[in-house]
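Please keep the sequence and the structure in view while reading.

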Amino acid sequence: MIPFLDLNEVNAPYLKAIEEASLRVVRSGWYILGNELKSFENAFANYCNAAYCVGVANGLDAITLILMAYEFPEDSEVIVPANTYIASVLPVAYLGFRPIFVEPDPFTMLLDPERIAEKISSKTRAVIAVDLYGRSCEMEPIMKLARQHGLKVITDAAQAHGAIYNNKKTGSIADATAFSFYPTKNLGALGDAGAITTSDEALAEKIRYLRNYGSLVRYKNDYQGVNSRLDEIQAAILNVKLPFLDLENDRRRAIAARYLSEIQLENLILPPADRINDDAWHLFVIRHPNRSGLIAYLDANGIQTNVHYPLPIHKQQAFREFYDMHLPITERIHEEVISLPLNGVLTDEEVIYIIQTVNQFDYQQ
Ligand SMILES: Cc1ncc(COP(=O)(O)O)c(C=O)c1O
């Protein structure tokens with residue numbers, strides 16, 4: 001069986017360095033907010049071409065802390081893509097704001113800049129642009145529109161470390177960008193971890209307070225913060241893996257390029273091929289009207305797939321107040337998407353086998 005993602009294999013080349021780094025932290029006696037975190041924050045800010053990076057506990061908290069730091073009024077609305085992972089939207093609801101769902105571009109499946117303007121009201125304060133599957137949103141029109149209406153732009157780049165848009169790295173474009181280093185991500189820790197990048201000094205400073213109970217000096221609390229810190233062991237592991245992120249992404253790009261040029265199957269829709277070397281290819285998401293048939297066929301032929309995601313947010317029990325919303329593009333995407341294995345440890349033989357197997361799928365199956 002070709003697994004969708006084997007984390008043992010992904011981390012194998014780094015194992016020795018990870019063991020050494022972890023042991024160094026264990027022996028240091030300093031486990032929270034120390035030098036490993038400082039050095040990762042500097043390195044990741046540098047990697048993203050952002051002025052500041054603040055490490056936090058996970059990607060969900062990264063989005064939450066950005067929204068908290070902006071201190072929007074209570075009845076604020078935040079524009080969110082309807083096609084995304086639920087973690088992009090939970091922070092909006094958690095803080096008492098109203099998520100305003102926007103249908104995606106049917107081709108890229110990402111937030112459609114053309115559909116944002118009609119959703120802006122006097123209560124709108126921010127747009128969350130999610131670089132889903134590893135591809136940057138169309139940031140130029142999104143930033144332009146946001147500037148015209150005085151809105152903040154937050155990028156959720158949990159899936160897009162190293163993605164590029166118009167020669168700029170994700171993490172350096174929006175007002176603030178949230179990253180997750182969940183173990184399956186392009187840059188994955190061995191536990192939960194996240195970060196925020198921004199070029200707004202005041203915002204970075206405020207998030208440093210908020211992630212630590214609202215405090216920078218022990219027992220002096222300037223804000224009502226939370227506990228959301230990226231611990232030293234995870235930071236040390238990320239310090240080991242970050243220097244290889246571009247190499248890992250290049251391997252993903254090479255595999256994506258092969259899939260895009262060699263997968264040929266009637267009724268199958270491939271992801272956009274216009275930015276092969278700029279997208280981070282966290283996921284390779286194809287669409288097929290007979291999804292269950294294709295998944296069962298691939299499984300029977302030893303290829304494990306995944307669905308990102310099977311049920312849209314507005315159809316989830318957690319967001320039942322939005323259940324009656326009609327979002328046909330989003331709903332159709334959720335019925336048709338399949339993620340093929342795509343990661344840095346797939347061999348050429350496996351890639352060829354996946355291509356040949358997909359190409360031989362019989363629609364009637
Ligand atoms: C698009 C997106 N946003 C946010 C998150 C949340 O990240 P985390 O799991 O680190 O909280 C994830 C990943 O889980 C994600 O894929």
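## Sorting the residues around the ligand

For the count that follows, Ala, Val, Leu, Ile, Met, Phe, Trp, Tyr, Cys and Pro are taken as nonpolar, Asp, Glu, Lys and Arg as charged, and the others, Gly among them, as polar. With these classes, the shell around the ligand in this predicted model holds six nonpolar, five polar and two charged residues.

There are 13 residues around the ligand, and those that come nearest are Gly-59, Asp-156, Gln-159, Ser-180 and Lys-185.

## Where the ligand sits and what it meets

The ligand sits in the largest pocket. A polar side-chain atom of Ser-180 lies 2.7 Å from an oxygen atom of the ligand, while for Leu-60 a backbone N or O atom is found 2.9 Å from a ligand oxygen atom. In the side chain of Lys-185, an N or O atom is 3.2 Å from an oxygen atom of the ligand. Of the 380 Å² of accessible area that the ligand has on its own, the protein covers 90%.

## The two domains

The domain assignment divides the chain into domain 1, residues 7-242, and domain 2, residues 244-360. Their C-alpha centres lie 24 Å apart, and the contact between these domains takes 42 residues from domain 1 and 35 residues from domain 2.

Key:
Residues are numbered from 1 along each chain as its sequence is written. This is a predicted model: local features need pLDDT of at least 70, side-chain atom pairs count only at pLDDT 80 or more; totals for chains, interfaces and linings use all residues. Side-chain values use heavy atoms; hydrogens and water are left out. A residue is near a molecule or strand if one of its heavy atoms lies within 4 Å of it. A polar contact is a pair of N or O atoms within 3.5 Å; within protein, one must be able to donate a hydrogen and the other to accept it, and residues adjacent in sequence count only if both atoms are side-chain atoms. Accessible areas come from the Shrake-Rupley method with a 1.4 Å probe; for residues, only the protein chains shown count as cover. On a 1 Å grid over the protein atoms alone, a cavity is a set of points where a 1.4 Å probe fits but cannot get out, and a pocket is an open set with protein on both sides within 12 Å along at least five of seven lines; lining residues have an atom within 4 Å of a point. A molecule sits in a cavity or pocket if more than half of its atoms lie within 2 Å of its grid points. Domain bounds come from an automatic or database domain assignment. Contact means heavy atoms within 4.5 Å.
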